[in-house]
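Have the sequence and the structure open as you read.

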Amino acid sequence: MIRHLVLFRLNEGVERDDPRVVKGVEAFRSLDGKIPEIRFWECAWNISDRPIAYDFAINSAFEDAAALRRYVEHPEHQAGVGLWREFATWVIADYEF
């Protein structure tokens, strides 16, 4: 199995209630069930107030690297990525477990 972690940081001046952000969150929350390769899916806002913390996280799992690649290339995922590019930056980590 492959764990796929994504941590998002909203751009300076962008708030959680910004309509673009709301739409982006909805796009990612809706992926579970739309993309068959997803084996585990959760996403949520960070609750830590530490200055090094990111704002939003996705924790997901895929059967193997090929399944993860299909997910990354899936049009529904790419649509969400396109939304998030407008207001955030992010980092990822993928590892076997």
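What follows covers the sheet, then the helices, then one arginine.

This is a predicted model, where local features need pLDDT of at least 70, side-chain atom pairs count only at pLDDT 80 or more, and totals for chains, interfaces and linings use all residues. Numbering starts from 1 along each chain as its sequence is written, and side-chain values use heavy atoms, with hydrogens and water left out.

**The sheet.** Four strands make an open sheet in the order S2-S3-S1-S4, with antiparallel pairing. S2 (38-45) and S4 (88-96) are the edge strands, each pairing on one side only. From one strand to the next, the twist averages 10°. Strands are DSSP E runs of at least two residues, helices H or I runs of at least four, and pairing takes at least two bridges. S2 and S3 (residues 56-62) pair over 7 bridges.

**The helices.** Angles run from 0 to 180 degrees between N-to-C directions of lines fitted to C-alpha atoms, for helices over the stretch in contact.

| Helix | Residues | Angle |
|---|---|---|
| H2 | 65-73 | about 35° to S1 |
| H3 | 75-84 | about 140° with S4 |

H2 lies across S1, S2, S3 and S4, while H3 touches S1, S3 and S4.

**Arg3.** Arg3 sits in strand S1. Is Arg3 buried or exposed? Arg3 is buried (under 20% relative accessible area, 1.4 Å probe, protein chains only). Arg3 touches residues including Phe40, Tyr95 and Phe97.

Technical notes
Contact means heavy atoms within 4.5 Å. Buried means under 20% relative accessible area, exposed over 50%, partly exposed in between (1.4 Å probe, protein chains only). Lys and Arg count as positive and Asp and Glu as negative; His and the chain ends are not counted. A salt bridge is a side-chain nitrogen of Lys or Arg within 4 Å of a carboxyl oxygen of Asp or Glu. Lists of a residue's contacts leave out its neighbours within four places in sequence.
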